[in-house]
Amino acid sequence: MPRISAFYGITIEMYYGDHPPPHFHARYGGEAAKVAIRSGLIVAGHLPVPVLRLVRKWVDDHRTELEENWERVANDEKPKPVEPLK
């Protein structure tokens, strides 16, 4: 599972050949969630509200890159790193 970004203790990963809808996995401490790229909403799992706010801001800043990476991993290609939230 390739890590594509990390910021403020949050790790963002995308899995090869994962199922739709386009999403990524966010981990923080012992919490984990699948987050939809298009909406920034949690599909499964849980993140603390302040962490989810940071993740959503990051998604808004990098949605195009995330969509491109989704296409890559869907085709078993390595995703590109995405800049962390600053």
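Ser5 touches Ile10, Thr11, Ile12, Trp58, Val82, Glu83 and Pro84, leaving aside residues up to four places away in sequence, where contact means heavy atoms within 4.5 Å. The model is a predicted one, in which local features need pLDDT of at least 70 and side-chain atom pairs count only at pLDDT 80 or more, while totals for chains, interfaces and linings use all residues. Residues are numbered from 1 along each chain as its sequence is written, and side-chain values use heavy atoms, with hydrogens and water left out.

Ser5 counts as buried because its relative accessibility is 5% (buried: under 20% relative accessible area, exposed over 50%, partly exposed in between, with a 1.4 Å probe and protein chains only). A polar atom of the Ser5 side chain lies 2.9 Å from the backbone oxygen of Val82.

Ser5 lies in strand E1; strands (E, at least two residues) and helices (H or I, at least four) are DSSP runs numbered from the N terminus. The open sheet has five strands in the order E1-E2-E3-E4-E5, with antiparallel pairing, and two strands pair if DSSP finds at least two bridges between them. E1 and E5 stand at the edges with a single partner strand each, so one side of each is left without a neighbour in the sheet.

| Edge strand | Residues |
|---|---|
| E1 | 3-7 |
| E5 | 42-45 |

Strands E3 (residues 23-28) and E4 (residues 31-36) are joined in the antiparallel sense by six bridges, and Ala26 has Ala33 in E4 as its bridge partner. Helix H1 (residues 49-74) packs on the sheet, touching E1, E2, E3, E4 and E5, and its direction makes about 145 degrees with that of E3 (axes are lines fitted to C-alpha atoms, for helices over the stretch in contact, with angles from 0 to 180 degrees between N-to-C directions).

Definitions and conventions: Polar contact = N/O pair within 3.5 Å; in protein donor to acceptor, adjacent residues only side chain to side chain.
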